[in-house]
Amino acid sequence: MKDVDIDRLTTWPVNIGKAAELSGISPKMLRHYETLGLLGDVVRTDSNYRQYSLADVHSLRFIRRARDMGFGLDAIAELVSLWHNRKRSSASVKRITQKHLDDLAQRIEALQAMQRTLAGLMDVCPGDGRPDCPILDDLAHPATPCAAPTKSGTKLYKPATSAAPRRNTPRRD
């Protein structure tokens, strides 16, 4: 069934469980988003039960989609505010999105660097019964930061040791 059909066939307002189900998030996250002010004021019954409108569920779906796209909560708060502001500037939305896109590019670069390092270490690890292991040797040395941490906390690292192949040298026992 389409969202439009569900919206039309649902009796509004709905309780927290139904709002969570319709928006695809958990009731716990729904409460969290409400606490952060992403939903604004939610109507409550005389018994203090939350009652969510169709507009609230649409906002929750918007938040869920933004989370699925990897936006942080601060960016989502800005985006929700802009979404509700009919006098918004699309330049503001584009600025937030560009920053997120730049952060994603940095994170992807960091993950690819990790992948290359691990692949190199896997190539030089003999994987035999001997205890010598270049993977463990590399992990035993602190990583060398090659870039400052991003605002999202992601750091880019390069290995502390080179992944040069090891020569078979006599062991000193």
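Among contacts in the chain (heavy atoms within 4.5 Å) between residues at least 6 apart in sequence, 48% join residues at least 24 apart. The model is a predicted one, in which local features need pLDDT of at least 70 and side-chain atom pairs count only at pLDDT 80 or more, while totals for chains, interfaces and linings use all residues. Residues are numbered from 1 along each chain as its sequence is written, and side-chain values use heavy atoms, with hydrogens and water left out.

**Overall make-up**

- The chain holds seven helices and four strands. Helices (H or I, at least four residues) and strands (E, at least two) are DSSP runs, numbered from the N terminus.
- Starting at the N terminus, the order of elements is α-α-α-β-β-α-α-α-α-β-β.
- Of the 173 residues in the chain, 27% are buried. Buried means under 20% relative accessible area, exposed means over 50%, and partly exposed is in between (1.4 Å probe, protein chains only).
- The chain has an accessible surface of about 12,300 Å², and carbon and sulfur atoms account for 54% of it. Accessible areas come from the Shrake-Rupley method with a 1.4 Å probe; for residues, only the protein chains shown count as cover.

**The largest nonpolar core**

- In soluble globular proteins, nonpolar side chains tend to be buried together.
- The largest nonpolar core has 23 residues, and L30 and Y52 are the members that touch the most others. A nonpolar core is a set of buried Ala, Val, Leu, Ile, Met, Phe, Trp, Tyr and Cys residues joined through side-chain atoms within 4.5 Å.
- At least two residues of this core come from each of α2 (16-23), α3 (27-35), α4 (54-68) and α5 (73-84).
- The most is given by α5, which supplies five residues to this core.
- Not counting residues up to four places away in sequence, Y52 touches W12, P13, V14, N15, I16, A19, L30, E34, L39 and V42.

**How the helices pack**

- Two packed helices are described by the angle between their axes and the distance between the axes. Axes are lines fitted to C-alpha atoms, for helices over the stretch in contact, and angles run from 0 to 180 degrees between N-to-C directions.
- Angles under 35 degrees count as roughly parallel, over 145 as roughly antiparallel, 65 to 115 as roughly perpendicular and the rest as oblique.
- A crossing is left-handed if the near helix is turned anticlockwise from the far one by less than a right angle, and right-handed if clockwise.
- α4 and α5 have axes 10 Å apart and pack at an angle of about 140°, so the two helices are oblique to each other. Their crossing is right-handed. On the α4 side the contact is made by H58, S59, F62, I63, A66 and R67, and on the α5 side by L73, I76, L79, V80, W83 and H84.
- α2 and α4 cross at roughly 45°, and their axes come within 9 Å; α2 and α4 are therefore oblique to each other. The crossing of α2 and α4 is right-handed. Here A19, L22 and S23 in α2 meet V57, L60, R61 and R64 in α4.
- α5 and helix α6 (residues 90-124) cross at roughly 160°, with axes that come within 10 Å, so α5 and α6 are roughly antiparallel to each other. This crossing is left-handed. The contact joins A75, E78, L79 and L82 of α5 to S92, V93, R95 and I96 of α6.

- L79 is found in helix α5. L79 is buried, because its relative accessible area is 8%.
- Leaving aside neighbours within four places in sequence, L79 is in contact with F62, F71, V93 and I96. From L79 to S92 the separation is 13 residues in sequence and 8.8 Å in space, C-alpha to C-alpha.
- S26 lies in the loop between α2 and α3. S26 has a relative accessible area of 33% and is therefore partly exposed.
- S26 and I16 are 10 residues apart in sequence, and their C-alpha atoms are 9.2 Å apart in space.

**Backbone details**

- W12 and P13 are joined by a cis peptide bond, with omega about 0°. P13 lies in the loop between α1 (3-9) and α2.
- N48 is not a glycine, yet N48 has a positive phi of about 75°. N48 lies in the loop between β1 (43-44) and β2 (50-51).
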